[in-house]
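My entries follow in the order in which I checked them.

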Amino acid sequence: MRAHHPSAPFCPGRRPRGTNGAPAGTFCPCGGGVAGSSVDARNEEDIVSAIELGDREHRVLVAAGSAAPSIHNTQPWRFVATPRAIEVHADPARGLGVIDPSARALVISCGAAVLNLRVALAFLGRRARVRWLPSPAVPTHLATVEVVGARSTRAIDRELYGALRRRSSSRQPMTSRPVPARLMSQLREAVRREGATLHVLSGEDADTLITIAHQADAAQRGDRAYLAELGRWTTADPARRDGVPASAFGAAPGPEQAPQRDFTQGGVAVDRQEEAFEAAPMLAVVTTSADTVGDWLRAGMALQHLLLVATTHWLRAGFLTQPLELPAFRDQVRGLIDPRRMPQVVLRVGYGRTPPRSPRRPLDELLSPAEPSGPMP
Ligand SMILES: Cc1cc2nc3c(=O)[nH]c(=O)nc-3n(C[C@H](O)[C@H](O)[C@H](O)COP(=O)(O)O)c2cc1C
C-alpha cells in the first residue's frame, strides 16, 4: 500500500506533524497536497489532523465496512488501518466452497463494504479515492480506500451514513404499494455510478425469473453439500456473531411466489410461518459487462449504493441469488436479461416491515494495524 512516499518531498504520511521541510510547490501523489510557502507550520498541522484518521475514526470506519451485507452473513473481510487509509482484505477462510467456489459472492460482499467505507469517510469529512487490487502479489488485498483530502459533510452524506447503519435484508412480504418510477430511476443511477447496470423485471420476465429461481432452489435443496454448508452458516445461538440467525430467517412464501432461501434447511429448527408474499414482486438484477474480480467489486459497490439509496427512502430490499449460484441457471438468467451482461445479484424491492438485524463480529476481530514499516532506505 502506498501510504507514504519517502521520495516525495511533501508527504505528511508518517512524518511527525509540523516538521515537514518540503520545498515550496512540490506535490505528493498520496493526496497530501501541495506544500507551499502559504501554509505555515500551524495550519499545516491543522490540515494534517483534519485529514489523518485516528483510532476513533478507524473504529467508525470498520463498523461501517462490516455493516455491509455478505453472503450467508459470512463477513468475509479484514481491515487494515493506517493514518491515511483503510485496506480491505478478503478472508478466504470465510468463503463458501459449495455455492461460491469462485469467490464471486465473497468479493461482491467485500465490494459492498468498500462502498460503506467511502460513505463513512464522506460522513467524517474526508475525500476518498478507492484503489482496486493495489497489491498484485497479494490477490486477497482487494482495495485500499485512501483519504485524499478534506471536504465538508453534506446532507446526503449524513443520510447515506444513517442508512448504512439501519439497512438490513428483508425476507418478509412486501406490500402492494408500487415503487415510484422516480425512485426506480434513482436506484438505476446509483448502480450506474458504480459502473454496473440495473435491470428491472416485470410481467412475464419477472415470472420467468421466479421460475428459474424455483428450479435453482430445488436443485440446491437436493444437494447434501449445499445443506451442510447452510448448516454451518445458520444459527440459533444468540451469542454467535456471524452466520444467519434464526431470528432473521423470515417468512415462507407460497409455492408460486419468489422463493426465499429457506435457511431452516441447514438444520436450525424454527417455526417459519407461511405468508402471502406480493403477487407481482419488483425484481431487479445488477449486471456487469464482464466477470472479473474487478467486475465483482464494482457489482458490490453498485449493490450497496442501491441499497443505501433505497433505505433513505424507506424501501426494503431482499436477495434472491440462488439462480446465480449454479452456472446453468445463471446462464438462463443471462439469456433472459441480456446475453452480453453478467448477472451478479438478484433483488426484490418494495415497501414492507422493518427486517430484523443480523449480528456482526466484534471490531477487534476485524481490524489490524498496519505492519510497521522498516527504516527508510
Ligand atoms: C452476494 C450476496 C448474496 C446474497 N444472497 C442471499 C440470498 O440468496 N437469500 C437471502 O435471504 N439473503 C441473501 N443475502 C443477504 C445476506 O444473507 C445478508 O446480507 C446477511 O445475512 C447479513 O444480513 P443483513 O443484510 O440483514 O445485514 C446475500 C448477500 C450478498 C452480499
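Before turning to the helix pair, I noted the cut-off I would need: an angle over 145 degrees between N-to-C directions counts as roughly antiparallel. I also kept in mind that this is a predicted model.

I first looked up helix α6 (residues 203-221) and helix α9 (residues 327-337), which pack at an angle of about 175°, with their axes 10 Å apart. The two helices, α6 and α9, are therefore roughly antiparallel to each other.

I then listed the residues that make this contact, and found D205, T208, L209, I212, Q215 and A216 on the α6 side, meeting F329, Q332, V333 and L336 on the α9 side. Sorted by class, the contact of α6 with α9 consists of six nonpolar, three polar and one charged residues.

Next I went to the ligand, for which I counted 21 surrounding residues, the closest being P69, N73, S168, S169 and F319. By class, I recorded nine nonpolar, ten polar and two charged residues in the shell around the ligand.

Last, I checked helix α8 (residues 293-312), whose 20 residues reach 29 Å from the first C-alpha to the last, close to the 28 Å expected at 1.5 Å a residue. I noted that α8 is mostly covered, since 17 of its 20 residues are buried, and that just after α8, W314 takes a positive phi of about 60°.

Note on methods: Residues numbered from 1 in each chain as written. Predicted model: local features only at pLDDT ≥ 70, side-chain atom pairs only at ≥ 80, totals over all residues. Helix = DSSP H or I, 4+ residues; strand = E, 2+ residues; numbered from the N terminus. Expected span 1.5 Å × (residues − 1). Buried ≥ 20, exposed ≤ 12 C-beta atoms within 10 Å, placed from the backbone. Near = placed C-beta within 6 Å. Nonpolar A, V, L, I, M, F, W, Y, C, P; charged D, E, K, R; others polar. Axes fitted to C-alpha atoms, helices over the stretch in contact; angles between N-to-C directions. Parallel < 35°, antiparallel > 145°, perpendicular 65-115°, else oblique. Contact = placed C-beta atoms within 7 Å.
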